[in-house]
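Hi everyone, thanks for making time for this one. Let me put it up on the screen, and then we can walk through it together.

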Amino acid sequence: MNLIGVSIHDTAIVDDGARIGEGSRIWHWAHICAGAEIGKGVSLGQNVFVGNKVKIGDRCKIQNNVSIYDNVTLEEGVFCGPSMVFTNVYNPRALVERKSEYRDTYVCRGASLGANCTVVCGVRVGEFAFIGAGALVNDDVKPFALMVGVPAKQIGWMSQYGERIPLPLAGVGKFVCPHQGITYELINSNIVLS
């Protein structure tokens with residue numbers, strides 16, 4: 001196991017075989033399973049669990065008490081808020097073995113998953129989407145979408161900078177981010193960069 005430049009707290013458990021990129025930090029009582037692939041500059045907070053069939057991209061931030069179960073992929077720069085939840089079985093029963101039925105969950109680059117939200121397995125969360133605290137995501141999420149509620153509904157759009165884009169959910173329009181100079185254009189009920 002090559003862990004050069006990785007900071008691991010004494011109470012953390014990192015199983016042999018786990019791949020962790022340079023500059024990553026693993027805090028108190030975290031557990032990283034042998035098959036996990038973790039990128040560079042990742043922060044894993046207190047009591048984080050990372051399963052065997054998990055891929056975490058560079059510069060992700062996983063806050064305290066998050067369990068990332070098998071078949072979850074996080075692209076670069078994903079934020080997982082405190083105590084948010086991933087699942088990997090759609091219809092679990094303690095008395096029925098369903099490990100062969102795990103569904104893939106994919107969280108695209110730059111997305112933010114708010115504190116205590118739940119992401120039900122089998123969905124794709126688009127780039128730079130923003131899931132509000134406590135929301136329940138049970139369907140795919142568009143890039144840049146701002147989602148809240150149970151079940152989560154789209155109420156707006158969010159910029160790469162993490163601020164609300166003042167455009168409607170449908171129609172046409174353009175917005176230039178004053179912080180980054182990026183132009184967001186609404187086309188066919190989707191945000192595209194132009």
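Let's start with the cysteines. The sulfur of cysteine 60 has its closest cysteine sulfur in cysteine 80, 7.0 Å away, which is too far for a bond; a disulfide here is a pair of cysteine sulfur atoms within 2.5 Å. Cysteine 108 is in no disulfide either, as the nearest cysteine sulfur, that of cysteine 60, is 12 Å away. The whole structure holds zero disulfides. Are cysteine 60 and cysteine 108 buried or exposed? Cysteine 60 counts as buried at 0% relative accessibility, and cysteine 108 is buried too, at 5%. By buried I mean under 20% relative accessible area, with exposed over 50% and partly exposed in between, using a 1.4 Å probe and protein chains only.

A word on what you're looking at: this is a predicted model, where local features need pLDDT of at least 70 and side-chain atom pairs count only at pLDDT 80 or more, while totals for chains, interfaces and linings use all residues. Residues are numbered from 1 along each chain as its sequence is written, and side-chain values use heavy atoms, with hydrogens and water left out.

Now the sheet. It is open, with six parallel-paired strands in the order E3-E6-E9-E12-E15-E18. Strands are DSSP runs of at least two residues, numbered from the N terminus, and two of them pair if DSSP finds at least two bridges between them. Strand E3 (19-20) and strand E18 (124-125) stand at the edges with a single partner strand each, so one side of each has no neighbour in the sheet. E3 is joined to strand E6, residues 37-38, by two bridges, and arginine 19 stands opposite glutamate 37 in E6.

Within strand E9 you'll find valine 54, buried at 2% relative accessibility. Setting aside neighbours within four places in sequence, valine 54 is in contact (heavy atoms within 4.5 Å) with Glu37, Ile68 and Val72, among others.

Finally, the packing. A nonpolar core is a set of buried Ala, Val, Leu, Ile, Met, Phe, Trp, Tyr and Cys residues joined through side-chain atoms within 4.5 Å. The largest one has 41 residues, and Leu44, Ile56, Leu74, Phe86 and Leu113 touch the most other members. Strands E9 (54-56), E12 (72-74) and E21 (145-148) each give two or more residues to this core. Apart from it lies another core of eleven residues, including Phe144 and Ile191.

That's my tour, so over to you for questions!

Methods:
Helices (H or I, at least four residues) and strands (E, at least two) are DSSP runs, numbered from the N terminus.
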